[in-house]
Amino acid sequence: MDVTTLPKAKHALVCPQDFSQRMNSHWTKSRSEGGLGQHSSSDLQTLWRIMGENFGTSIVEAASGVQSPWRILQPPTGTGKTQGTCVYAAMQADLNRETADTLKPVGMLIVTRLREDANSIQNTINGLAGRSVAVVHHSDNYAKPEELHESDVVIITHQAFLNAKRNLKGQDWRPWDRLVSWKGGQRLLTIIDEALANVVDESSATTENLAFVIGLIPPAVRAELPEQVAVLEEVHKVLLAYVDLEDLDGAMSLIWGEGSAPACVDFAPLISAMLALPYDRIVYNHTSTADRTRLAKRVEETINAVQSCLDQFAYYSKSGEWHSINSAALAVPLNAPGPVVLDATARANFLWDLFEEGHVRPTIPGRARDYSSVRLHVARGSGLGKNAMIERIRERLSRVRQSIEAAVRPERSVFMCVHKDVEEVITKRWAEKAKFKQFSMGHWGAVDGRNTWQDFDTALILGLPYRPQTWATNMFCALQGAQDNQWLKSPEWKQYKNVRKEMEQRQLSVSVIQAMNRICCRHVIDAEGRCPAADIFIVLPHDGTGDAILDDIKADMPGIIVSPWDFSLDPAKEKRPRAGSSHVRLIEYMRKATAGIVSLSVIQHALQLSSVKKLRETLNNTAHPTTQALMELGVKYIPGVGRGSKSFLVKAA
């Protein structure tokens, strides 16, 4: 449905071509004139026109009472998706006023990641419109009911958007109605800037936490709420039964499906009664407001997790020594009016694959950006998850620092993305005395979409944000429904033999690409879509996951130059032949052998080897520890030359 082909539209619709032209003017006008001072191109103008067309189509569908599919647009970072949203909103507000006597006005809901982003968007829209047409509605600045009713545009955070769905679950429509209704009727366009975070409400309760909560329930509460206590104890017993199963096939197993829970109970009275307990004195026998608050939160989260498992579905999961009952539910209000998502990492984001027929991905220009001035320095390593990084950061940091300071000049500005738990160590040992013009850190989960480091020219990505093993299962089940034991054991879906592994890898790609694009590579400096020169250093895993992440980076950042980074996160370990192996036996055999020639056939017979093929490969590798050990004994390998020729070892006298 193309809004440009509607001759008698009843609503005020911004012309996509007009929007592209207005955005082009805003994009190229100097900053002193109120513009962005960027370079434009025909690809960018086409991209903006496509954005305008999809905004308009979503409006028309919503106005017609049609539940629009989610339109997932992937404007590359630095192509003005947020600024374009602001320009379109200001134009829509102006058109609403200009056509008030002839056409129905169009209200908009804009969803952005952070409160400061919401404030910035509000200021930009109102500045472009020359009057107050947009209001923010978040925890730092709740809009008044009359402001929500009168404003053409309401801007909220991702979290507020998801919380609206949670309220709907409790059949409380008022918060949602206040967001999507205004003086013009229902708002008809919802623009979501960047991929939604935390789109699934994950619920998990471990055997340890259940035992902890049950042990704290006082006799008076047991007497007052016997049904709730009995159900909580029964869930604990059910989970313990899975822990004790010796023949359980796999680390996950379905406990009950949707609507098949053994009991239905409201835990709200139990939560209320438990919150009144002085946990600090009960558990630690001292008074501490911080301890009381922390323990009360642990109790509430555990009981709420059990409630979700009873209301939805439940599966058992074992991770290390932890045994848990788990469930999940989609936290996205799918009935948002005219939803359009502007996600720079949409291609890699598996969330949209799971939406299936509930979404469409309009084609956009593929060469709106050129990253040929960005050099990605790639090293390979292991132990990149949070726990390994926390454990080894002190010994690793000196190696990282030495390598980066040797590769990056002092006049550069370095942004470093790490796990939150290692920031303090890095700050004390490096950041406070870093030899750069600027040095700043951000951590996984708090960098996506931020402009804080947009003028930095160097990025260091250290560690990867691996998700717990339940994350992919929760995400899949929330969008595709609870799965059976066969799927939990072997998670096939469509062309994917292991869809969980695919989801985990692509989520890593999304996070890495977001982190890389926090620096100056988000800026466009010429008509070809190039950016300022930048260097990005990253350590990727040795395995196929690392290869796939690199492929995703190259796909989303066309033209990027990839170079090897001669860096080892950990010192090389001395490799020794495994005790009892054929290599150890070979070394000992040659140690005792007299000087002279020993053929491989003799060695094969003496060591009772079925084949010497792998042994030849080892001996041909002069860097192999076994070959090195033989050389120390004065043993040299002489390979056969030509068909039928024999290979042998020579031990010097």
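Trainee: Which residue stands opposite M252 in β10?

Mentor: In this predicted model, the residue opposite M252 is S317 in β10. Strands of a sheet pair through backbone hydrogen bonds, either parallel or antiparallel. Here, strand β9 (residues 252–256) and strand β10 (residues 314–319) are antiparallel, with four bridges between them.

Trainee: How many bridges join β10 to β11?

Mentor: Five bridges join β10 to strand β11 (residues 322–330), and this pairing is antiparallel. Within it, S319 has W322 of β11 as its bridge partner. The two strands make a hairpin with two residues between them, and G320 in the turn has a positive phi of about 65 degrees.

Trainee: In what order do the strands of the six-stranded sheet lie, and is their pairing parallel or antiparallel?

Mentor: The order is β16-β15-β17-β18-β14-β19, in an open sheet with parallel pairing. Its edge strands, each pairing on one side only, are β16 and β19 (561–564). On average, neighbouring strands are turned by 20 degrees against each other, direction ignored.

Trainee: Which residue of β18 is the bridge partner of H377?

Mentor: The partner of H377 is F537. The strands concerned are β14 (residues 374–381) and β18 (residues 534–541), which run parallel and are joined by eight bridges. Helix α20 (residues 544–556) packs on this sheet and touches β14, β18 and β19. The direction of α20 makes about 175 degrees with that of β14.

Trainee: What is the strand order in the open sheet of three strands?

Mentor: That sheet has the order β20-β22-β21, and its pairing is antiparallel. Strands β20 (596–599) and β21 (635–638) form the edges, each pairing on one side only. The twist from one strand to the next averages 25 degrees. Four bridges connect β21 with strand β22 (residues 648–651) in the antiparallel sense, and Y637 stands opposite L649 in β22.

Trainee: Which strands does helix α21 touch?

Mentor: Helix α21 (residues 582–592) packs on the sheet with contacts to β20, β21 and β22, and its direction makes about 45 degrees with that of β22. Helix α22 (residues 600–607) also lies across β20, β21 and β22, running at about 65 degrees to β20.

Trainee: How many nonpolar, polar and charged residues does the lining of the second largest pocket have?

Mentor: The lining has five nonpolar, 16 polar and ten charged residues.

Trainee: Which residue forms a salt bridge with R450?

Mentor: R450 forms a salt bridge with E116, and their closest N and O atoms are 3.4 Å apart. This pair links distant parts of the chain, 334 residues apart. R450 belongs to the loop between β16 (438–443) and β17 (458–461), whereas E116 belongs to helix α4. In total, the structure holds 29 salt bridges.

Terms used
Residues are numbered from 1 along each chain as its sequence is written. This is a predicted model: local features need pLDDT of at least 70, side-chain atom pairs count only at pLDDT 80 or more; totals for chains, interfaces and linings use all residues. Side-chain values use heavy atoms; hydrogens and water are left out. Ala, Val, Leu, Ile, Met, Phe, Trp, Tyr, Cys and Pro count as nonpolar, Asp, Glu, Lys and Arg as charged, and the others, Gly among them, as polar. Two strands pair if DSSP finds at least two bridges between them. Axes are lines fitted to C-alpha atoms, for helices over the stretch in contact, and angles run from 0 to 180 degrees between N-to-C directions. Contact means heavy atoms within 4.5 Å. A salt bridge is a side-chain nitrogen of Lys or Arg within 4 Å of a carboxyl oxygen of Asp or Glu.
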